[in-house]
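Give each one a go before reading its solution.

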Protein chains: 2
Amino acid sequence: MKNLALLGSTGSIGKQTLEVIRETSCARVRVLTAGKNITLLESQIEQFLPDFACVSSEKDAAFLSKRLRKKGIQTEVFFGDDGLVAAATLESCDTVLNALVGAAGIRSTYAAVDAKKTVALANKESLVAAGAVIIPLAQKNDVRIIPVDSEHSAIFQCLSGNNNFEKIYLTASGGPFRGKTKQELQNVTAADALRHPNWTMGAKITIDSATLMNKGLEFIEAAWLFDALPNQIEILVHPQSIIHSMVCFADGAVIAQLGAPDMRVPIQYALTFPERQLNSFPRADFFAIKNLTFEKPDYETFPCLKIAIDAFKQGGTVPAVANAANEVAVAKFLRGEIKFYDIPQLIESTINAYIKNNKTRLEILDDVLTADKIARQICETFYIER
Amino acid sequence: MKNLALLGSTGSIGKQTLEVIRETSCARVRVLTAGKNITLLESQIEQFLPDFACVSSEKDAAFLSKRLRKKGIQTEVFFGDDGLVAAATLESCDTVLNALVGAAGIRSTYAAVDAKKTVALANKESLVAAGAVIIPLAQKNDVRIIPVDSEHSAIFQCLSGNNNFEKIYLTASGGPFRGKTKQELQNVTAADALRHPNWTMGAKITIDSATLMNKGLEFIEAAWLFDALPNQIEILVHPQSIIHSMVCFADGAVIAQLGAPDMRVPIQYALTFPERQLNSFPRADFFAIKNLTFEKPDYETFPCLKIAIDAFKQGGTVPAVANAANEVAVAKFLRGEIKFYDIPQLIESTINAYIKNNKTRLEILDDVLTADKIARQICETFYIER
């Protein structure tokens with residue numbers, strides 16, 4: 001059984017990870033971490049009795065620690081970024097599931113790989129921004145990074161250890177705005193974007209799904225995870241989200257992974273790999289499904305997709321910059337401060353401004369963290385002209 | 001490189017096997033066998049210069065041998081059933097691809113397994129009729145049987161060595177008569193049935209595909225190959241024949257194998273397993289495909305399907321009897337002697353007559369061969385009342 005550090009336990013993936021563990025007993029939870037949702041974290045700690053926990057602020061840590069002591073629970077509570085790194089590298093854990101949201105997860109992934117932990121990776125930003133340092137480190141340390149993202153888990157399952165592939169078909173639901181025109185999307189709101197047809201996810205990733213930035217980030221993640229060239233990854237819009245992705249091998253055989261859209265399945269696989277363990281989650285019902293369709297992605301209506309892919313092709317810290325700018329832009333969109341198409345515009349403007357004044361060389365993790373910081377500053381200060 | 005005995009080289013699978021070998025050079029052809037198509041066999045021999053060949057009759061063997069000698073070709077020519085068994089067990093071969101049609105292939109598969117050859121199996125009747133003796137022998141001899149049938153190759157690829165499956169989805173195109181009613185099919189002819197929508201195959205298997213007997217035989221083959229219980233195999237009508245079959249694992253993840261309907265891909269995989277080798281065969285184009293659909297099989301309109309599955313459930317020599325009766329009935333249908341629904345009626349009547357007067361115990365290969373012979377006699381003599 002795995003000894004698990006679960007980073008980001010109060011988010012969507014974190015909660016579903018605990019459901020999987022409740023269902024299958026496939027891991028012993030040694031660490032739980034959260035940002036500000038202390039109430040939920042406390043109840044998770046009561047159930048799973050981890051050795052350690054971590055929250056964002058020192059004050060919350062002290063508050064939580066006191067409450068736990070009163071209940072006779074011995075869990076030690078860390079805080080802040082250093083607390084997260086400590087949580088990702090503890091002696092008692094062999095596996096780290098990183099379900100942190102956004103660039104905040106990069107340092108933890110790096111630290112876990114550096115400490116030779118198996119990493120179950122739900123934080124795609126780690127590879128988007130820092131794949132160039134994390135992947136070589138994982139190879140050097142003989143550390144396995146098992147994807148949790150449904151598409152990447154699908155590809156990982158399809159490859160089944162055989163990396164002699166010709167092409168990866170990265171499927172995309174198309175998001176809530178599939179089939180719409182640019183004109184129709186000018187004035188959509190965050191509330192419109194948050195109605196995702198197939199997957200229940202956090203707010204940030206749901207907006208990314210609406211702009212297709214999410215697919216762009218996944219494209220970059222797939223390239224790093226599977227050592228694929230950009231022209232070996234084909235994005236396939238598949239609105240039913242039943243095929244989670246596919247791989248075409250050298251002989252023309254295509255292997256696909258399918259199932260009901262349920263994140264618990266890839267989460268479980270990341271924790272039980274290379275075994276598969278029985279669960280009672282709903283199965284795909286092909287007679288009910290009836291019909292699977294495919295379309296080309298609409299790069300015109302969803303410019304973020306090309307922006308992300310181009311950023312990957314430029315390499316260095318450019319993907320980190322694109323990702324940081326996107327995080328800032330999405331936050332602005334969620335607060336109602338900018339419009340839908342301001343998101344790609346802000347990302348592009350940030351990349352251009354960054355490249356003008358900064359080197360894009362990426363040699364060590366600090367290059368990524370610095371680029372991330374600068375990009376956020378640039379993006380925050382942009383004024384949107386109407 | 002494999003040293004290959006190709007049994008049935010002038011049939012549809014045989015010819016495509018030689019195409020694969022021409023394309024990929026994945027095997028050295030040591031043996032070619034044919035029935036009566038001496039002209040094609042001779043030209044195949046000239047190209048591949050096997051050590052041995054085999055034909056049905058002694059006369060053809062002598063004729064062919066003489067012609068080859070004149071051309072300075074040293075290939076030795078065997079004949080008859082004993083020649084086939086010799087061809088399947090030669091010292092110089094490590095692999096036997098059995099592409100013989102019908103129950104005529106059973107003895108060769110058994111002999112190859114007995115001689116510890118790897119068997120690439122396109123002759124499904126071997127397992128349908130004699131799975132109960134061939135599978136234990138293969139296990140005892142540590143012999144691998146690699147399926148060539150597209151569905152079974154798909155399942156084999158999906159399992160990828162992990163037999164912890166919950167369910168097999170055996171896909172079926174539904175054949176040329178999918179969607180028709182029993183009424184509409186009363187008077188269809190062999191010519192109607194020979195127009196298969198997706199696959200180019202021999203006449204016998206195309207009729208089996210029209211009656212769905214083929215899917216019934218595949219059901220039995222899958223049960224033997226993958227040690228599946230009848231309730232673990234679900235038949236899924238999928239008219240596009242793009243998904244070649246699927247497997248659902250214990251955790252609910254479904255793995256599917258897909259591709260253009262091209263028998264050369266599973267043939268090649270059987271010859272290169274566990275490797276995959278580059279070829280120039282057309283790839284599946286998902287943007288062109290657009291749409292994959294699923295339906296339940298129509299057991300009412302296609303009674304052969306249930307007859308085959310029930311025969312498997314009865315066990316012993318009953319599947320051998322069902323298969324033999326089907327071969328006789330299909331031959332009669334192809335000759336225009338009986339009508340479409342006489343096929344299932346003949347099979348059922350033969351099974352009933354056989355069970356009434358014979359034991360169904362299956363302990364040794366001879367039990368199968370005897371049952372096959374008796375069933376043919378019974379079926380040949382049935383008079384169809386109108």
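**Exercise 1.** In which loop is the place of B:Lys124? Find out, too, whether B:Lys124 is buried or exposed.

*Solution.* Two notes before we start. This is a predicted model, where local features need pLDDT of at least 70, side-chain atom pairs count only at pLDDT 80 or more, and totals for chains, interfaces and linings use all residues. Residues are numbered from 1 along each chain as written, chains are lettered from A and ligands numbered from 1 in the order written, and side-chain values use heavy atoms, without hydrogens and water.

Step 1: B:Lys124 sits in the loop between β6 and α6 (125-140) of chain B. Helices (H or I, at least four residues) and strands (E, at least two) are DSSP runs, numbered from the N terminus.

Step 2: with a relative accessible area of 4%, B:Lys124 is buried. Buried means under 20% relative accessible area, exposed over 50%, and partly exposed in between, with a 1.4 Å probe and protein chains only.

Step 3: list its contacts, which are heavy atoms within 4.5 Å. Not counting residues up to four places away in sequence, B:Lys124 touches B:Asp149, B:Ile205, B:Asn214, B:Leu217, B:Glu218 and B:Glu221.

**Exercise 2.** Work out the strand order of the open sheet in chain B, and say which strands are at its edges.

*Solution.* Step 1: the seven strands follow the order β4-β3-β2-β1-β5-β6-β7 (chain B), with parallel pairing. Two strands pair if DSSP finds at least two bridges between them.

Step 1: β4 (76-79) and β7 (145-147) of chain B are the edge strands, as each pairs on one side only.

Step 2: on average, neighbouring strands are turned by 25° against each other, direction ignored. Axes are lines fitted to C-alpha atoms, for helices over the stretch in contact, and angles run from 0 to 180 degrees between N-to-C directions.

Step 3: look at one pair. Strand β6 (residues 118-121) of chain B is joined to β7(B) by three bridges, and B:Ala120 has B:Ile146 as its bridge partner in β7(B).

**Exercise 3.** Which residues have the most contacts inside the largest nonpolar core?

*Solution.* Step 1: a nonpolar core is a set of buried Ala, Val, Leu, Ile, Met, Phe, Trp, Tyr and Cys residues joined through side-chain atoms within 4.5 Å.

Step 1: the largest core has 261 residues, and A:Leu97 and B:Leu97 have the most contacts inside it.

**Exercise 4.** Where is A:Ile220 found, and which residues is A:Ile220 in contact with, leaving aside its neighbours within four places in sequence?

*Solution.* Step 1: A:Ile220 belongs to helix α11 (residues 213-226) of chain A.

Step 1: A:Ile220 counts as buried because its relative accessibility is 1%.

Step 2: beyond those sequence neighbours, A:Ile220 is in contact with A:Val128, A:Ala308, A:Phe312 and A:Pro319.

Step 3: A:Pro230 lies ten residues from A:Ile220 along the chain, and their C-alpha atoms are separated by 8.4 Å.
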